[in-house]
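Here is a briefing on a protein model, written for reading beside the sequence and the coordinates.

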Amino acid sequence: MSYQIKEVFYTLQGEGFHAGRPAIFCRFSQCNLWTGREQDRNNAICSFCDTDFVGTDGQNGGRFEDAQALTQHLLTFWPKTSQQHPFVVLTGGEPLLQLDQSLVDEMHQHKIEIAVETNGTKLPPNNIDWICVSPKAGAPWILTEGDELKLVYPQANLLPSSIPLKGFKHFYIQPMDGDQQSVNLQSAIQFCLDHPEWKLSLQTHKIMNID
């Protein structure tokens, strides 16, 4: 299987459980909840997306003919002096539209620790090391188990109080960006204070002005 990759870059994870951790980000093209075109945003299931995942023309992006080619490309971004195994975050768009068992197995052959950020509408291949699900209101939620649930807040018809606290190890509320971000932040803080089983996730990469 070939893979369409929008961009690849080395940075710090900005959100959720692994915030602050050095990681190689691999952004897959395509999503099943929005085309990525602005003219389609108002009619999209996920109309608040802030990511460009269209095409393969981003930094270090491209089309990779097989799992070996993509894995070798990813490995070039990990510091050669590091004694830690590479940590790769597969994101999108929706990575589970393309991620398959061949790529997971090939990456593990090279001791890569694999994290996936998904909207939960597709089931993943086996043996992924870390699964973060960020469900979206109006979309079918199929992947109801994983390591981390990260809910963008608020979403009409998908409030954290309606989500059963099972299937995941960690629960995060992330204030929705946009012109109401400050209001959403205060509301998310208060929700976490009232429901301490939830933690606050901030987009710290935007605060630090990094990718």
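Arginine 21 lies over the face of phenylalanine 87, at 3.8 Å from the ring centre; a charge is taken to sit over a ring if NZ of Lys or CZ of Arg is within 6 Å of the ring centre and within 35 degrees of the ring normal. The model is predicted, and local features need pLDDT of at least 70, side-chain atom pairs count only at pLDDT 80 or more, while totals for chains, interfaces and linings use all residues. Residues are numbered from 1 along each chain as its sequence is written, and side-chain values use heavy atoms, with hydrogens and water left out.

**Aromatic pairs**

- Eight aromatic pairs are found in a search of the whole structure, where rings of Phe, Tyr and Trp (its six-membered ring) pair if their centres lie within 6.5 Å, and planes under 30 degrees apart count as stacked, over 60 as edge-to-face and the rest as tilted.
- In one of these pairs, the ring centres of tyrosine 10 and tryptophan 78 are 5.7 Å apart and the planes stand at 75°, so the pair is edge-to-face.
- Because tyrosine 10 belongs to strand S1 (residues 3–12) and tryptophan 78 to the loop between helix H1 (67–75) and strand S4 (87–91), the pair ties together parts that are 68 residues apart in sequence; helices (H or I, at least four residues) and strands (E, at least two) are DSSP runs, numbered from the N terminus.
- Tyrosine 10 is partly exposed at 38% relative accessible area, whereas tryptophan 78 counts as buried at 10%; buried means under 20% relative accessible area, exposed over 50%, and partly exposed in between (1.4 Å probe, protein chains only).
- Phenylalanine 168 and phenylalanine 171 also form an edge-to-face pair, with 6.3 Å centre to centre and 75° between the planes, and both residues are buried.
- Tyr153, Phe168, Phe171, Phe191 and Trp198 are linked into a cluster by ring pairs.

**Sheet and helices**

- Nine strands form an open sheet with mixed pairing, in the order S3-S1-S2-S4-S5-S6-S7-S8-S9, where two strands pair if DSSP finds at least two bridges between them.
- Strand S3 (62–64) and strand S9 (199–200) stand at the edges with a single partner strand each, so one side of each is left without a neighbour in the sheet.
- Strand S7 (residues 148–153) and strand S8 (residues 170–175) run parallel and are joined by six bridges, and leucine 149 has phenylalanine 171 as its bridge partner in S8.
- Helix H3 (residues 181–194) lies across S7, S8 and S9, running at about 155° to S8; axes are lines fitted to C-alpha atoms, for helices over the stretch in contact, and angles run from 0 to 180 degrees between N-to-C directions.

**Isoleucine 173**

- Isoleucine 173 is placed in strand S8 and is buried, with a relative accessible area of 0%.
- Leaving out residues up to four places away in sequence, isoleucine 173 touches several residues, among them Leu151, Tyr153, Phe191, Cys192 and Trp198; contact means heavy atoms within 4.5 Å.
- Isoleucine 173 and cysteine 192 lie 19 residues apart in sequence and 7.7 Å apart in space, C-alpha to C-alpha.

**Cysteines**

- The count of disulfides is zero, a disulfide being a pair of cysteine sulfur atoms within 2.5 Å.
- Cysteine 31 is in no disulfide, and the nearest cysteine sulfur, that of cysteine 46, is 6.6 Å away; cysteine 31 is partly exposed at 23% relative accessibility.
- Cysteine 132 is buried, with a relative accessible area of 5%, and the sulfur of cysteine 132 is 13 Å from the closest cysteine sulfur, in cysteine 46, too far for a bond.
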